[in-house]
Protein chains: 2
Amino acid sequence: MSISVMKFGGTSVGSVERLKRVADRIISKKNAGEQVIVVVSAMGKTTDQLVSMANEITSQPSKREMDMLLSTGEQVTISLLSMVLQERGHKSISLTGWQAGIQTEAIHGTARIENIKTPVILRYLNQGHIVIVAGFQGVANGNITTLGRGGSDTSAVALASAFNASVCEIYTDVTGVFTVDPRFVNKARKLKEINYDEMLELAYLGAGVLHPRAVECAKNNDITLVVRSSFENEEGTVIKEEVSLEKERAVRGLAFEKDVTRVTLLGLPNNLVSLSQVFDLLAAHHINIDVIVQNVLDEENVSLSFTIINTSIEETLNVLENNKESLEYQDLKIESQLAKVSIVGSGMVSNPGVAASMFHQLAENSIKVKMVSTSEIKVSTIIDEKDLLKALDVLHAGFKLSDEVSKVY
Amino acid sequence: MSISVMKFGGTSVGSVERLKRVADRIISKKNAGEQVIVVVSAMGKTTDQLVSMANEITSQPSKREMDMLLSTGEQVTISLLSMVLQERGHKSISLTGWQAGIQTEAIHGTARIENIKTPVILRYLNQGHIVIVAGFQGVANGNITTLGRGGSDTSAVALASAFNASVCEIYTDVTGVFTVDPRFVNKARKLKEINYDEMLELAYLGAGVLHPRAVECAKNNDITLVVRSSFENEEGTVIKEEVSLEKERAVRGLAFEKDVTRVTLLGLPNNLVSLSQVFDLLAAHHINIDVIVQNVLDEENVSLSFTIINTSIEETLNVLENNKESLEYQDLKIESQLAKVSIVGSGMVSNPGVAASMFHQLAENSIKVKMVSTSEIKVSTIIDEKDLLKALDVLHAGFKLSDEVSKVY
């Protein structure tokens, strides 16, 4: 018997009624002869409600206590879903992260999975149970940890890997991966297939349909992912290493992020260690950095800009200001209400005109590019958040992303 | 340094605002030089909300999954309370049942605590932390268990015993233990002291202020309990072995229960094993029985009546009907909407007229007694639930429970 992993996100399990529909899908899979591991998120707005309770108390809750608090969300879902399945006459068992053997780094809020101890789940699978695991959470040294944003996707992929699952299906509130988030651009088109690297870059597409960590984990372990709707029976998007379709397209889709803040350190000493000092320090505080740009001002000084998400502003400023002397920078500037827009496609590497075309389209529409960063399959620009929708429309049309492209063999 | 255990019930922690008031009390205790272990229940109506979600799914949820579901309630409270204390500058740590080392029987819904592994809590106490433990829950073979009604009180007492605490304070929404639940009888009076046995019998007094299991655990381990209000600074009621006050009073207070159902088995074979067969069977299904009365009908047959709480009706009927042949009874009758009223007092044993006086008072007020059961310090009667309030008023006045009695040395 092969093992299937099915992951259902917060909207898919947002009410008892929806849990019953989720149960239909699980039971079909089980009846098709699969052993089934189900991973679920917290129901609907539960996490938001818990966060707002914590915020009534403090703006900076301890991360350990936040993990303790937030992990209850998935625990409620697993128990209720298990009841639904049992009521329908199926054997099922719910397991929290620690019960499922999901061991993580000893970090709170953004822990990575280190190891999955398989005996407990294996025993239940072999007894014929549908195993329902709380996503987003694990355990480290007896403390409950959480995996941070997109954590449940990562839980699902890690379980698929640990149990050699034939497939890892991510059920969500969209029908697949789109050329761009369809909530923002009308003409967005659903992709049939996409490779891991493209998906990694597009990860925030389509209502944040899949977290990059989950994609990376799938890539590293060669797990075929399917992103599909838990509400409609449409085919989803398959994510795997080799993609046969749409080969000649240079740009596969657009990715974007809002709530971006740029931090600039002026007058940093122009030496070999100043950069690593800054980012070592931020890493030690688990502050995620995105785009980094460094300019030389003169022989002694450089300026360094990088982007963070808005929610990290307070902590970032604290850390940088408390270490002004050791970092030896002269001034610190901050600019919020920015957005990041990226074009993504593995065809880009053999097509040097793509970045130029992007800048051209933006300039023609009076959208100012504030930072640029490139990779082999992506060009990212930082722009004002107010220009975001216009930029998406312009680029989606400019790169003809609405058009289906005939297969190329 | 001595260790104090403080337990706060659901109403006391019903909102973030209330958690802040609870924190005041905890901080005072800590500042007085005590090491503090705090036990909390789920906030306000959380448990009810969780139960009603389960009931949307099934009328008979698996007990394991119910434990999984309900245990999230306390987990939310401990994390939020810990945040409040940390925000006030105190070191604190929240621990679930399994993290706190609370090991129980492998039974769901009504597990008893078997053992508390102390190293984790001890380590945190010695590091100067206020330790906040989720009440009502434990762990057995890696599964989350719950202790059932009054479980958080039991958690508190068990922790007080395991850590040799100097005192175990139960903070609740009443100011102490009363002669009768003050919500039902105006003239109820607060007791200064009461001994374990009386408290055991009165356990349901005063809004179910303390669960009998907790009292029993305190008695067995000689833990002095204090029941007091978390909202007012009044002195509470001390519960301990030797009580010096009010010695000459025969009746200390009244206890009662609503939602009582009487089950009667007619035509049971009159042999040595029939009774034990019935109660073995019910015990195997963890159905709690209260008052038991057996009558001989004739040489071959006996009738057996016992009371259960209303929520056990369905399961009790299932069990009894499925085993009608092996139990060999002829008919089964059931009567609901009954109540139990008891008079309690350790002076009763030397005062044989007390029971007679109780029956006399009830009869004079046309209250029909349907079943009777007695112990050394208690006389219980089963009456129609509609007569309950009248019975309480009559007995509270009849036994002069509103009057303070002068000390007797």
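This passage describes the overall build of chain A and then a set of individual residues in chains A and B. The model is predicted.

Chain A contains 13 helices and 18 strands. Its radius of gyration is 22 Å, close to the 22 Å that the globule rule gives for 409 residues, so chain A is as compact as a globular protein of that length. The C-alpha trace of chain A spans about 70 × 55 × 35 Å along its principal axes. Of the 409 residues, 57% count as buried. Contacts in chain A were also sorted by sequence separation. Among those between residues at least 6 apart, 75% join residues at least 24 apart.

The surface of chain A was examined next. Chain A carries 40 positive and 50 negative side chains. The centres of these two sets lie 7 Å apart.

Glu193(A) sits in strand S10, which covers residues 193-195. The relative accessible area of Glu193(A) is 13%, under the 20% cut-off, so this residue counts as buried. Its side chain makes a polar contact with the side chain of Lys240(A), at 3.2 Å. Lys219(A) belongs to helix H8, residues 212-221. With a relative accessible area of 29%, Lys219(A) falls between the 20% and 50% cut-offs and is therefore partly exposed. Leaving aside residues up to four places away in sequence, Lys219(A) touches Tyr196(A), Asp197(A) and Glu241(A). Arg21(A) is 198 residues from Lys219(A) along the chain, and the C-alpha atoms of these two residues are separated by 30 Å.

Ala188(A) lies in the loop between strand S9 (167-172) and S10 of chain A. Ala188(A) counts as buried because its relative accessibility is 16%, under 20%. Residues up to four places away in sequence aside, the contacts of Ala188(A) are with Phe178(A), Thr179(A), Val180(A), Asp181(A), Pro182(A) and His396(A). Asp403(A) is 215 residues from Ala188(A) along the chain. The C-alpha atoms of Ala188(A) and Asp403(A) are separated by 9.7 Å.

Backbone angles were inspected at position 136 in both chains. Phe136(A) is not a glycine, yet its phi is positive, at about 75°. Phe136(A) lies in the loop between strand S6 (130-134) and strand S7 (137-140) of chain A. Its relative accessible area is 13%, and Phe136(A) is buried. In chain B, phi of Phe136(B) is near 75°, again a positive value in a residue other than glycine. Phe136(B) occupies the loop between strand S6 (130-134) and strand S7 (137-140) of chain B. Phe136(B) is buried too, with a relative accessible area of 13%.

Ser71(B) links the description to both chains. This residue is part of helix H3 of chain B, residues 63-87. Its relative accessibility is 1%, under the 20% cut-off, so Ser71(B) counts as buried. Setting aside residues up to four places away in sequence, Ser71(B) touches Gln137(B) and Ile144(B) in chain B and Gln75(A) in chain A.

Notes: Residues are numbered from 1 along each chain as its sequence is written. Chains are lettered from A and ligands numbered from 1 in the order in which they are written. This is a predicted model: local features need pLDDT of at least 70, side-chain atom pairs count only at pLDDT 80 or more; totals for chains, interfaces and linings use all residues. Side-chain values use heavy atoms; hydrogens and water are left out. Helices (H or I, at least four residues) and strands (E, at least two) are DSSP runs, numbered from the N terminus. The radius of gyration is taken over C-alpha atoms; the globule rule is 2.2 Å times the number of residues to the power 0.38. Buried means under 20% relative accessible area, exposed over 50%, partly exposed in between (1.4 Å probe, protein chains only). Contact means heavy atoms within 4.5 Å. Lys and Arg count as positive and Asp and Glu as negative; His and the chain ends are not counted. The place of a charge is taken as NZ of Lys, CZ of Arg, CG of Asp or CD of Glu. A polar contact is a pair of N or O atoms within 3.5 Å; within protein, one must be able to donate a hydrogen and the other to accept it, and residues adjacent in sequence count only if both atoms are side-chain atoms.
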